[in-house]
Amino acid sequence: MLNIKNGLVLYGPELEPKKANILIEDNYIVEVSAHASGGREIDVKGCIVSPSLINSHVHLGDSVAKDIGDGEPIENVVKPPNGLKHRLLAKTDPSDIRSSMRNSLKEMLGTGTTTIVDFREGGVNGISQIDEASKDIPIRKIVLGRQNTFIKDPSYKSGAEHLNDDFDEIRKNSLELLKYADGVGLSGFGEVDDEVAKIITETCSQVGKISAIHAAEYEQVQRNSLKSTGKTEVERALDCEFNFLIHLTSPINNDLDLLTNGKQSVVCCPRSNGALSVGIPPIKEMWSRGINLLLGTDNVMFNSPNMFREMEYALKITRGFYKEYFPPVEILKMATVNAGQALNLNLGCIQEGMVADIMMVELLSDNPILSLINRTESKNIIGLVTDGKLIYMR
Ligand SMILES: [Zn+2]
């Protein structure tokens, strides 16, 4: 039993600051109160005790390609199968790829992240790569895999018989992948047909796993989508019933109306959009419509996987974009509460009965939420708990 004492706890789904002790037993938070006693005591007077962070979208695999391709058009850099990233990864020694992934995972733990959702390329092999890279690193990984067979061949000629054969293959490959992965993460509708996407999401939902896709990342993909199908990428993603839509930087037509009543979540990656010069996600509009918003650092290629940096950028770019106030607690929720709910993981929130994933961080101003977002560096994170276990204390 662990007792985190005397901290300023960001309690419950609204992250309300209150002075309390937290009693943890067998992975779970059992009591949050001023009088909770017993267990191994950790005195964190002068610290914020917050849910640790959830990075809802990252491509760990390109950790080895940091700051490559800056200034190139987005499709030249990341689009499979022939973008710069994919060519570079194909010729890099797998052990170098793994060791740079491992460094990124350690950096994440060092910056308060205990759960990540990784877009994993390379099919089943790619999944064993992250398993190996993360050996003995106590970070919770939600791995969303993909197969090269999901990507349409540009020279492909459709024909009924051939299509049916392909679909059986896609279904079989999806099921095989989902034996090892927590779900499927697709690069986008530019590379994947709607029929294929539908089979994948159906297969995911049959086995209770997650389906995610990049959507509306920039204007051109939206225009291409309208031209080729008469629908926006968001309409297509909703028709296919994906659980997670990544980006939504460029919604058009009535995309936001369609998202308003849906069950899906949107993962915003504002630093990635900035790095690639594609825009600013309309966080305030989506939030005011009640769309469940999450936050991710996207490719390690363009961004450090540090969620504090992402939160600060997200808050300030949103205020700058709208020229209006935006509540900082909503940004912290994107990195904690909202993600825990979307992933159905019973974490991301400090409350009795939740899994104990907690960070202890020095309080650097009188406003604990802004202290986290504006000021916290790795050195200010003094302790981290995941699954009820103390990972480090410094
Ligand atoms: Zn991405």
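Colleague: Let's start with a backbone angle: just after helix α12, which residue takes a positive phi?
Modeller: Helices here are DSSP runs of H or I with at least four residues, strands are runs of E with at least two, and both are numbered from the N terminus. Most residues other than glycine have a negative phi. Just after α12, a positive phi of about 55° is taken by K323.

Colleague: How high must pLDDT be for side-chain atom pairs to count in this predicted model?
Modeller: Residues are numbered from 1 along each chain as its sequence is written. In this predicted model, totals for chains, interfaces and linings use all residues, local features need pLDDT of at least 70, and side-chain atom pairs count only at pLDDT 80 or more.

Colleague: How far apart are the end C-alpha atoms of α12?
Modeller: Helix α12 covers residues 307-322, which makes 16 residues. The expected span is 1.5 Å times one less than the number of residues, so α12 should span 22 Å. The distance between its end C-alpha atoms agrees: 22 Å.

Colleague: Is Y322 buried, partly exposed or exposed?
Modeller: Y322 is in helix α12, and P282, 40 residues away in sequence, lies 8.8 Å from it, C-alpha to C-alpha. A residue is buried if 20 or more other C-beta atoms (placed from the backbone) lie within 10 Å of its own, exposed if 12 or fewer, and partly exposed in between. Y322 has 14 C-beta neighbours inside 10 Å, so it counts as partly exposed.

Colleague: Now to α3: how wide is the arc that holds its buried residues?
Modeller: The buried residues of α3 are I97, R98, S100, M101, S104, L105 and M108. Look down the helix axis and take the directions from it to the C-beta atoms, since that is how the arc is defined. The buried residues line one face of α3, because they fall within an arc of 170°.

Colleague: Which exposed residues sit on the face of α3 turned away from its buried side?
Modeller: The buried residues of α3 pack against β6, α2, β7 and α4, where contact means C-beta atoms, placed from the backbone, within 7 Å. The face turned away from that buried side carries S95 and D96.

Colleague: In β7, which residue is the bridge partner of V58?
Modeller: Strands β6 and β7 run parallel and are joined by four bridges. In β7, V58 finds its partner in D118.

Colleague: How many of the residues of strand β17 are buried?
Modeller: Strand β17 spans residues 389-393 and runs antiparallel to β16, with four bridges between them. L384 stands opposite Y392 in β17. This strand is hardly covered: among its five residues, the count of buried ones is zero.

Colleague: Where is D67, the residue that has a positive phi although it is not a glycine?
Modeller: The phi of D67 is about 60°. D67 counts as exposed because 10 other C-beta atoms lie within 10 Å. It is found in the loop between β6 and α1.

Colleague: Which residue is joined to P81 by a cis peptide bond?
Modeller: P81 is found in the loop between α1 and α2. Most peptide bonds are trans. Here omega is about 0°, and the cis bond joins P81 to P80.

Colleague: Which element gives the largest share of the side of domain 1 that touches domain 2?
Modeller: The domain bounds, from an automatic or database assignment, are 2-51 + 348-393 for domain 1 and 53-342 for domain 2. The contact takes 18 residues from domain 1 and 23 residues from domain 2. On the domain 1 side, α15 and β16 each supply at least two residues. The largest share, five residues, comes from α15.

Definitions and conventions. Two residues are in contact if their C-beta atoms, placed from the backbone, lie within 7 Å. Two strands pair if DSSP finds at least two bridges between them.
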